[in-house]
Structure formats: C-alpha cells, structure tokens
Amino acid sequence: MSYKGKYQPDNPKKYRGDFNNIIYRSLWERKFMKYCDTNENILEWGSEILALPYRSPIDNRIHKYFPDFYIKVKESNGEIKKYIIEIKPKKQTVEPVPQKKKTKGYIYEVYEYARNQAKWKAAIEYCKDRQWEFKVLTENELGV
C-alpha cells in the first residue's frame, strides 16, 4: 500500500524549495524527511528538486529523473558533503531472477529494474562531476 501526504518541517530554513509543498510518496520517504529535518548534521535538504536527464533502455528516449532527495551533511570529521538519495524497496535494487513464464508482473519488474539502473547511472555521473555522492537507501538502511 502506498502512503502519500504533505510533510510540514520543524526547521523550514533547512529546506531547499517550497517548504509548504513537501510531498512524500511512502512512509519510508516521510521517515527520511523527518530525519533530515531534525538531524543537526543535515545542514540543508530538498525533495525532488533536481531533474536529471537519462536515456531509458525501454524506449531509447531521453527522460527526466527526479531523485527523491538532495542533502548537505556535516560529516563526523567536520567535512561538508552533498548527496543525492533515492529511497527504494530492496526488491527493486536487485536484478529480477529470470523466469520461465514471462508474466506481466515479471516483465514489469525487469523494465523497472532496467529503468532504475539507467536513472542511477545518470545520478552517479551527475554526482561525480560535482564531487557529491549518490546513495540508494532501502528498508535495511532506514531500519524499517
């Protein structure tokens, strides 16, 4: 089941973008928003504020990818670092196991995995050019 809603930050000055229009599309995203909002080492954060072009392996056309989060962090060593963060179920981060019977569900999983890989490749390149880091967080990292 998908949970959507609006997030109201306790620290709106930390948010990049319109803090009156912060939308979460899952409870995991909401949990990460709360973490960014209340963690003193997160200096700045935003939700879906970047639009990265990527070539879809499905139709070979250029599309826009809006990563879930941008964060600026003060690391434990005092260094300031920027990240692009994507929140995904663990299942969507691993290649689907080939099936003898090509069901609609299996075909969807294969397409979604290929599309995610193309998006993440674009995000990695974007980050590399800026000396940022790209991370995919799953329920494992979010402690769900």
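**Rings, strands and surface**

Tryptophan 120 is buried, at a relative accessible area of 7% (buried means under 20%, exposed over 50%, partly exposed in between, with a 1.4 Å probe and protein chains only). Please keep in mind that this is a predicted model, where local features need pLDDT of at least 70, side-chain atom pairs count only at pLDDT 80 or more, and totals for chains, interfaces and linings use all residues. Residues are numbered from 1 along each chain as its sequence is written, and side-chain values use heavy atoms, leaving out hydrogens and water.

Across the whole structure, a search finds 8 aromatic pairs (Phe, Tyr and Trp rings, the six-membered one for Trp, with centres within 6.5 Å; planes under 30 degrees apart are stacked, over 60 edge-to-face, the rest tilted). One of them joins phenylalanine 32 and phenylalanine 69 in a tilted arrangement, 4.8 Å centre to centre with 55° between the planes. Phenylalanine 32 sits in helix α1 and phenylalanine 69 in strand β6, so this pair ties together parts 37 residues apart in sequence (helices, H or I of at least four residues, and strands, E of at least two, are DSSP runs numbered from the N terminus). Phenylalanine 32 is buried at 6% relative accessible area, and phenylalanine 69 is buried at 2%.

Back to tryptophan 120: this residue and phenylalanine 134 form a tilted pair, 6.5 Å centre to centre and 45° between the planes. Tryptophan 120 belongs to helix α2 and phenylalanine 134 to strand β8, so the pair links parts 14 residues apart in sequence.

Helix α2 (residues 104-130) also holds valine 110, which counts as partly exposed at 30% relative accessibility.
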